[in-house]
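Dear colleague,

Please find below the structure that I am handing over to you.

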Amino acid sequence: MNCFPYLVLRLARQALVPLLAAPLLAQAAIPIQHWTHPSGAKVYLVESPAIPMLDVRIDVDGGSRRDPPQQAGLAAATADLLSAGVAARAGERALDENRLAEAWADLGAQFGASASTDRFSLSLRSLTRPELLERAVALAARQMAAPAWPAAVWQRERERQIAALAEAQRQPATQASRRFNRAVYGDHPYGREPDAATLRRIRTDQMRAFYQRHVVACRAQVSLVGAIDRAAADRIVGQFMAALQPHGCPALPPVPEVAPLKAALEDRVPFDAAQAQVLIGQPGMRRSDPDFMPLFVGNHILGGGGFVSRLTSEVRERRGFSYSVYSYFAPGLHAGAFQIGLTTRPDQADAAIGVAREVLRRFVDEGPTAAELQAAQDNLVNGFALRIDSNRKLLDNVANIAWYGLPLDYLDHWTEQVRQVTVADIRQAFGRLIAPDRMVTVVVGAR
Amino acid sequence: MKRFFLCVWRPWVAILSLVCGATAAAAPPVAAGPQQFTLSNGMTLIVQPDHRAPTVAHMLWVRVGSMDEVDGSSGVAHVLEHMMFKGTPDLKPGEFSRRVAALGGRENAFTSRDATAYHQQVSREHLEAVMRLEADRFERNQWDDEEFIKELGVVKEERRQRTEESPRARFFEAVNAQVFQTSPYRRPVIGWMSDLDALTPQDAREFYRRWYVPANAAVVVAGDVDVARVRELAEAIYGRIPARALPPRKPRDEIGQAGPRRLEFRAAAEQAVVSLNWHAPQLADPAAQDAGSQNALALAVLAAVLDGYGVNRLERALVQTKGPAGRVADSVGASYGLFGRGPQLFSLTAVPARGVAPERVVQALRGEVARLAREGVSEAELQRVKIQWAASETYQLDSVFNQARELGSYWVNGWSPGAGPALMARLQAVSAAQVRAVAQRLLSDEDLNIAVLVPDANRARVAHSGPPPTLSRH
């Protein structure tokens, strides 16, 4: 019998005796160390010494919600181009995209940037052998301090992306998702998606400016999981933040909330398709919604819980309409969408939509049964260990805690919070948030 | 490729035995490598302890995939995989999934050309429960015709979603049938639509009875377990299933190719696709010294040099192209099937840049192989590939599920559970001269299949066709 090594370490410093019998994980702490770096960066560390590797993730407020409307795609393009080369600095020669990729390959390490709707993220994965880790951290810091922003590379990448967009536009799934986002989010930046025109307006000097305005130490949330201690983590954070501190700490304008839908909207698009694509939904919840847990557990029952959810059992298992049917919430800093999705043979689209709508209406009206709630809670509580059983999963969890300012012991109380949800909580939360008579329904390719 | 580490655990031995007291003393002091046993009925058991977290991955592998089907019943291996969730004398349809869900488990299954696998991830205390559920359906899968008809509808939707809907998926289905003429690999894993239309409940039941026998299956358990205890459980739960004879397998080898073949596939796509496929030798086992196996190892390095890390040879030659002629391709890749139950390919794939004739892309791809044959690879390129592989060995330790999956795939191929480290050692020993030699001697016109997806705006978007080589139930 044992347990997370890092967990053992912490507990070993405390009392030894009670551990012998206790199932450790169920009530055990995930020891997240947290401190603020002098640059203002918030640091979150989980020591996980079993494998000689380290994952670092830096999140800042620079996701696509910060894209200017005319340059939709700027955050993602900025993230892409961050790997396109490093400018020369005192004593160090410039590295073009190939030299840079080779330098990372020679270290056996990975470094990259990405942009989601809310976050601009930098990620490093390295072995912790000292000579390798030191060089990997130095290279990442150099790349963060002096990206080259080469215009020729952007021109090439832009052409590739525009060509890929044109190909994607021929897919009914792409059509459906773009129309759905436009209908649900309206003018809100969550609904903005790049197209050929917005990509053509993006220049590399705008990337540089975007990067300097958003990727700043004072708003950085740095999560580290791996075989290092606090002192080493603090040194790494210090090197990274030194690279960003010249950006200062420019204030960012507030971003408006997603407006609720005023009326139902149905968008049917004829398409020569093998399957109809169906998306039904509306603005959902913010991550900070006080009903987050009832909505999360409720959706698990409705369409998030895999083979045993109501939607799967009614649409797929009972009627064989669809291979894939689901519902989800996409909570973020703003109300990300609530969405039901399914694909089905074009001639049975209307029947499948009817079933999905009826399942939703009944769920909102009546909530789950006590037995369904019990089954969902059993699944979530008993499966909790599977949410944190690798460094990668822990990193995602820690980064979420950091980003949303959740309590450091959030994971320790997660199963209790799941258990506390009642049928009435779910009914109330869905009733407040989800209006079955004001849904967006996008159907591409039905007959 | 990947595997398992011993040394990194050692610093923890002292602390673990302190904290975990008597029970720790009973378990092996460090996480050892995988161990393999044969149960009394011929079923294989492979156990990989990993004590980082109190969770377990449990997989049941059956050495039967789409390559074991016969013409007219393509897709039956995968349909049966779906039907395995539809009951036993003690479980109603869907009850299997409900029970696993109640345990907090994650579950699914997948079918490939070579194998079918069922898997659950659970907290360690629920291992026995999922073993019992899995053994029950392995021995006593049972459902009525009506369930079959409904599920066949789901599988056809799966085919529509994966294949019919995607010009590229249909193209690669056609490429596959071009490259393989007599090997059963020519059929798509999900099956041709007309075969699915004609599939009967009896087809699935017969396939099940024929292939789901203990000697054709392996249980793989990775995670926070004690090897001796798992062995006891497996013997009691799986080992009691009656042994049955495994039917003979016929070789159905791929006929030799004699000269290049070409395929033009027209579809309502925006972008063209070019696919070059050579029949290639494969690695018989990680210790094999025959010429084919030596060449296979060198081909694995060759593929990695062409397409192994961020910015590689193909990318530089075709995507970063400078000069008046401009960019050749929007994307490009190389892949090689190092081992498998059936014949393997060396493949180059590219999406031509807008306005570039696919033929120019074909020539550019072949030009890169020719250049490699002429100039060889540099020591730096070779080292870079090896460093990446070595590092990925460590990174892959992070996922217990991937460890189980890898052990299962070695077993399917008839390899020992220690194949991972052995394979890595062989790859690390490949020299630049060997890589150059395979580029010179293999990958000739004799074995080449050239296929082009040609965009054709006048074509209907939708037609009939295929899948990726592995299908997951979800």
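May I begin with a question: over which residues of chain B does pLDDT stay under 50, with 25 contacts beyond four places in sequence in the model? They are residues 464-469 of chain B. Here pLDDT is the predictor's confidence in each residue, from 0 to 100, and two residues are in contact if their C-beta atoms, placed from the backbone, lie within 7 Å.

This is a predicted model, in which local features need pLDDT of at least 70 and side-chain atom pairs count only at pLDDT 80 or more, while totals for chains, interfaces and linings use all residues. Residues are numbered from 1 along each chain as its sequence is written, and chains are lettered from A and ligands numbered from 1 in the order in which they are written.

Confidence and chain B

The model scores ipTM 0.89 and pTM 0.90. For chain B the mean pLDDT is 90, and 90% of its residues reach 70 or more. Residues 1-30 of chain B also stay under 50 in pLDDT, and for them the model has 54 contacts beyond four places in sequence. Chain B contains 16 helices and twelve strands; helices (H or I, at least four residues) and strands (E, at least two) are DSSP runs, numbered from the N terminus. Of its 474 residues, 55% count as buried, that is, with 20 or more other C-beta atoms, placed from the backbone, within 10 Å of their own.

The two domains of chain A

Chain A is divided into domain 1 (32-247) and domain 2 (265-444), with bounds from an automatic or database domain assignment. Their C-alpha centres lie 30 Å apart. The contact between them takes 27 residues from domain 1 and 28 residues from domain 2. On the side of domain 1 that touches domain 2, β2 (42-47), β3 (53-61), α7 (172-185) and β8 (221-226) of chain A each supply at least two residues. The largest share of that side, nine residues, comes from α7(A).

A helix pair in chain A

The axes of α11 (residues 292-304) and α17 (residues 423-433) of chain A come within 9 Å and cross at roughly 95 degrees; axes are lines fitted to C-alpha atoms, for helices over the stretch in contact, and angles run from 0 to 180 degrees between N-to-C directions. The two helices are therefore roughly perpendicular to each other, a class that covers 65 to 115 degrees. In this contact, P294(A), L295(A), V297(A) and G298(A) of α11(A) meet D425(A), I426(A), A429(A), F430(A) and L433(A) of α17(A).

Yours sincerely

Technical notes: Angles under 35 degrees count as roughly parallel, over 145 as roughly antiparallel, 65 to 115 as roughly perpendicular and the rest as oblique. A residue is buried if 20 or more other C-beta atoms lie within 10 Å of its own, exposed if 12 or fewer, and partly exposed in between; C-beta atoms are placed from the backbone.
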